[in-house]
Amino acid sequence: MSGIGPIGRMDAGAAALRAKLDVLTRQVSDGRKGPGYGDIAPEARRAVDLRADIARREAWAGTISRTLARTEVTQKALGRISDIATQFYAETIRMDGTSGARISAVAAQARAAMEEVANLLNERYAGEYIFGGTDSANPPVPDPRGIATGGMATVIAAAVAALGGGNAGAVAAATLAAAQSDAPGTTPFSDFLSDPGQGLTEPRRAVPAAEGERVAYGILANRNAAATSEGQTTGSWARDILRGLATLAALDPSQAQLGADFTDLVATVRDGLRSAIDALGEERGALGAVEQRLETTARRHAEVSVALTGQLAAIEEVDMAETISRLQATRTQLEASYRAIALASGLTLTRFLA
């Protein structure tokens with residue numbers, strides 16, 4: 001009976017070594033101290049906090065990445081609109097006292113340009129209209145193909161048709177009022193953007209970039225965001241461009257003979273386009289500053305996440321070299337234990353006395 005006790009103790013020791021070997025084998029396999037928070041006590045609470053912080057920063061970084069993709073599309077659209085405004089600004093310089101043939105050509109080009117500008121204001125990213133504000137599912141310019149014959153263009157054309165007799169100032173004022181109008185049937189912009197209770201007053205679209213930090217980046221089709229228009233302006237670079245193009249599109253070659261009335265009206269268009277070009281430059285610059293800020297914030301999140309991940313790894317993960325060494329030592333111990341048990345189990349009284 002006295003031989004049973006030592007063998008039992010040896011078997012219990014072997015069982016403990018087997019359990020330890022199983023734990024070490026799993027740790028070498030997945031690199032983690034254990035599957036439960038009890039395995040990393042007393043640092044479990046800190047690990048939870050670290051994981052939450054990393055997840056928040058990953059969410060912010062993902063949102064920033066999508067926003068930067070959106071602003072890139074916005075910048076390209078603004079750049080093309082600026083190119084169009086610059087092109088027709090140059091045309092207004094050449095049109096002073098020019099032939100009727102040039103006036104006809106510019107008028108035709110201006111009608112086509114109005115449609116292109118309208119389509120650019122309807123630019124989309126990931127299925128959303130980027131110049132539509134919170135009404136991102138609907139186009140900010142509902143009828144881009146018909147904009148050259150729509151309400152605003154029709155009112156402007158009627159005013160331009162009455163040019164003569166020293167009324168260039170009155171005609172310019174009429175075109176300004178038409179471009180500024182948010183009245184249904186006149187404005188080319190959507191009901192949402194033209195509503196004082198919605199698009200006309202809603203804040204710019206913004207992205208949550210960090211804890212308590214929202215960065216505004218949105219631009220609406222019918223009003224300036226960060227830019228301030230100055231000079232001969234409706235207060236909106238988009239309206240100024242559409243006003244100028246609609247005025248040029250309405251010019252008749254015969255009006256070149258009106259002298260000062262014609263040149264004064266063209267000068268008004270030129271000043272409006274110049275204002276729009278300047279405002280667009282300011283808008284693009286401000287948006288570029290927003291992009292730079294978001295990129296800096298995203299880098300900061302990435303750097304902090306790396307540091308936090310290192311801290312979390314120190315809590316949850318094992319030292320692989322040390323663990324492999326302990327695994328090998330435990331396996332050696334267990335094999336020695338099995339040999340000892342086998343030797344002890346084979347003893348008889350006769351062999352023991354011998």
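## Charged side chains and a buried asparagine

The charged end of R274 lies over the ring of Y89, 5.2 Å from the ring centre; a charge sits over a ring if NZ of Lys or CZ of Arg is within 6 Å of the ring centre and within 35 degrees of the ring normal. This is a predicted model, in which local features need pLDDT of at least 70 and side-chain atom pairs count only at pLDDT 80 or more, while totals for chains, interfaces and linings use all residues. Residues are numbered from 1 along each chain as its sequence is written, and side-chain values use heavy atoms, with hydrogens and water left out.

The whole structure holds twelve salt bridges, each being a side-chain nitrogen of Lys or Arg within 4 Å of a carboxyl oxygen of Asp or Glu. The table includes three of them.

| Pair | N to O distance |
|---|---|
| R56 and D53 | 3.7 Å |
| R57 and D53 | 3.2 Å |
| R102 and E91 | 3.1 Å |

Salt bridges with shared partners join D53, R56 and R57 into one network. D53 is buried, at 18% relative accessible area, where buried means under 20%, exposed over 50% and partly exposed in between (1.4 Å probe, protein chains only). R56 is partly exposed at 37%.

N222 occupies the loop between β4 (213-216) and α7 (237-250). With 1% relative accessibility, N222 is buried. Setting aside residues up to four places away in sequence, N222 touches several residues, among them D182, F189 and R239; contact means heavy atoms within 4.5 Å.

Technical notes
Helix = DSSP H or I, 4+ residues; strand = E, 2+ residues; numbered from the N terminus.
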